[in-house]
Amino acid sequence: MSRIGNNPIAIPEGVTIEINDNIISVKGKLGELTQEFSGVAVKVEDGQAFVTRPSDSKEHKAKHGLYRSLITNMVDGVSKGWTKELELVGVGYRASNQGQKLELALGFSHNIVFNLASEVKVETISEKGKNPIVKLTSHDKQLVGHIAAKIRSFRRPEPYKGKGIKFVGEILRRKAGKSA
């Protein structure tokens with residue numbers, strides 16, 4: 001029994017869901033998203049969407065919860081949007097942006113210039129005495145997560161001093177250094 005897959009998806013006002021063959025498209029005030037699906041059936045009734053599976057096979061059970069979560073993320077994205085915040089921890093680490101270009105100074109001999117997709121809005125926050133923050137916003141949760149992971153991969157946090165790029169609120173596992 002799928003606990004996630006059996007829950008109905010509430011469709012807020014201003015969001016429309018269309019199902020053609022095996023493609024679901026969700027439109028809202030922030031944009032439009034499409035997703036291909038297989039192995040499950042999706043129907044929309046009375047402001048709610050339901051995902052059902054044809055049998056109790058292992059594959060159908062797995063897809064039941066998966067597609068229900070993906071559709072929920074799409075509905076939330078086009079109505080509210082998704083945000084990821086990255087914090088640059090380290091002396092001299094800086095971030096700035098001009099439009100869709102993000103420029104990062106991460107202690108290398110050169111700055112890293114990263115071109116972002118047009119669907120993602122980027123904002124850099126630099127306050128005196130605080131670590132710089134890169135804020136990514138979009139209606140596509142998968143895209144925001146992928147870009148945030150790519151930016152984080154430029155300088156992962158190291159376990160001794162905690163220097164690097166980390167998500168805001170992320171708790172790092174720290175190691176003790178050499179004892180003298």
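**The boundary between domain 1 and domain 2**

About 550 Å² of area is buried between domain 1 and domain 2, and carbon and sulfur atoms give 54% of it. On the domain 1 side, the residues that lose the most area to domain 2 are L33, N73 and G77, which together make up 58% of what that side buries. These values come from a predicted model, in which the domain assignment places residues 9-80 in domain 1 and residues 82-167 in domain 2. Taken over C-alpha atoms, the centres of the two domains lie 31 Å apart.

The contact involves 10 residues of domain 1 and 5 residues of domain 2. As for specific interactions, 0 salt bridges are counted between domain 1 and domain 2. Polar contact between the domains comes to 1 residue pair, with both residues at pLDDT 80 or more.

The secondary structure gives a handy way to picture the domain 1 side. Two elements, β4 (31-36) and α1 (58-79), each provide at least two of the residues that touch domain 2. Of the elements on this side, α1 gives the most, with 5 residues. By residue class, the side of domain 1 that touches domain 2 is made up of 4 nonpolar, 4 polar and 2 charged residues.

Notes:
Residues numbered from 1 in each chain as written. Predicted model: local features only at pLDDT ≥ 70, side-chain atom pairs only at ≥ 80, totals over all residues. Heavy atoms only, no water. Domains from an automatic or database assignment. Contact = heavy atoms within 4.5 Å. Buried area = accessible area lost by both parts, 1.4 Å probe. Salt bridge = Lys/Arg side-chain N within 4 Å of Asp/Glu carboxyl O. Polar contact = N/O pair within 3.5 Å; in protein donor to acceptor, adjacent residues only side chain to side chain. Helix = DSSP H or I, 4+ residues; strand = E, 2+ residues; numbered from the N terminus. Nonpolar A, V, L, I, M, F, W, Y, C, P; charged D, E, K, R; others polar.
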